[in-house]
Amino acid sequence: MTTPEAAREVPRQNRPPQGQYHQLHGLGPTARPAKVRLRTLLRVASVACGIQFGWALQLSLLTPYVQELGIPHKFASIIWLCGPLSGLFVQPLAGHYSDRCTSRFGRRRPFILVGAASIVVAVLIIGFAADIGRLLGDRGESKMRAVVVFVIGFWVLDVANNMTQGPCRALLADLTGKDHRRTRVANAYFSLMMAIGNILGYATGAYSNWYKIFPFTVTSACAVNCANLKAAFIIDIIFIIATTFISLSAAHEQPLTSLDSSGEERPGSSEHETFLWELFGTLKYLPGTVWVILLVTALTWIGWFPFLLFDTDWMGREIYGGEPNDGKNYSRGVRMGSFGLMLNSLVLGITSVLLEKLCRKWGAGFTWGLSNILLALLFVGMLIITAIKSSMDLGSRLPPDGIVIASVLAFTFLGVPLAVSCFILSQFTGTIPFLLNYMNE
């Protein structure tokens, strides 16, 4: 994060052209930029829909799929370590280098294009992991080569997701400039597109007959559940290509110049160390209020990540009483979990639209605290549902409707605290000082 003093020292040639600036890093001149049409902002934000479509498939289907490939349940979460790690390093690095990119296509669009292309490649690797593993020598129940291929594709996908989202948000900030109202509108569009992508992605994961629409997905190495996953990712590829084209064709960036009239050189690779020092060194300058915010955020996401990684797996195992590769109950539970996550995304989208009014009425801090209380109550409710279901002797029968409805409702209402956790800081703050001012209102 760039400090206010560092922002004032940014050389003129590194500033965005025609009054545009990168609000997230505090770069840019003080001139008021020309307003960009809201329709253009909506088109630019559309790439978030394609990205989130694939992310929804990843969250709902890949934890069950890795277990079907043979990875034990207790090791499944290790594969997901790439998400937080790439978020910690890839997004700041992508933002740092996109700020200084001198491509003739602009600063942000090359990163968005490369990230989207990487997503397509990663999705192909994941979807065809079982077939690639068989080509490499997998036979019978042993699918270790497919597991290796899957893990490579999975980590590439996480890196590509983080590489794409940061420059997309930065591009919206460039286009809105210092118009804080349009910045909030752009963030709302981005959040709306993410919600739509989630809804479509989870709806795709909840459908069980994609293999009939794409019959070529069923192979000797890839049975029905695997073929459904493969077909869903093929749809994701079409979606990400379409939304990326819509987004990149809507934005018109002007490239930065390497030299200004004074002949000063633009930043080079030597600034990489300075960037890392700013990233970690700034922590010692944060006031106590910010540390409280960071601590609450960390504790909140410690609670969120087990749910996000094992939500559909929980539905398949604990509610439907199934096991991967053992009967149909588990796959039914996974699809019902995907349906619950679709409803979750619908509530998330509605909540995101209402957040600004709620924060104005109650204050951001109170809204955030209330959402965390609701989060805790819903998690406790899921524990109670699990205990009640475990006390029943159902054998291989499906769970009672009441248990299923209660589980789906828990998934649904978790969309409210998830919306607050994900979007409240990004929608109402651009820098730490703005955050402090807003939280103290």
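pLDDT is the predictor's confidence in each residue, from 0 to 100. I start there, as this is a predicted model.

**Confidence.** I looked up the chain average: the mean pLDDT is 79. I also noted that 81% of the residues reach 70 or more. Over residues 1–33, pLDDT stays under 50. The model still has 72 contacts beyond four places in sequence for residues 1–33. Residues 427–441 also stay under 50, and I find 30 contacts beyond four places in sequence for them. Where pLDDT is low, the predicted coordinates should not be read in detail. I leave the contacts of both stretches at that.

**Fold.** I counted secondary structure next. The chain has 18 helices and zero strands. Of its 441 residues, 52% are buried. I then took contacts between residues at least 6 apart in sequence: 78% of these join residues at least 24 apart.

**Second largest pocket.** Which helices each supply at least two lining residues? I get α3 (47–68), α11 (224–250) and α14 (329–362). The largest share, four residues, is from α11. Last, I sorted the lining by residue class. Nine residues are nonpolar, nine are polar and seven are charged.

Terms used: Residues are numbered from 1 along each chain as its sequence is written. This is a predicted model: local features need pLDDT of at least 70, side-chain atom pairs count only at pLDDT 80 or more; totals for chains, interfaces and linings use all residues. Side-chain values use heavy atoms; hydrogens and water are left out. Contact means heavy atoms within 4.5 Å. Ala, Val, Leu, Ile, Met, Phe, Trp, Tyr, Cys and Pro count as nonpolar, Asp, Glu, Lys and Arg as charged, and the others, Gly among them, as polar. Buried means under 20% relative accessible area, exposed over 50%, partly exposed in between (1.4 Å probe, protein chains only).
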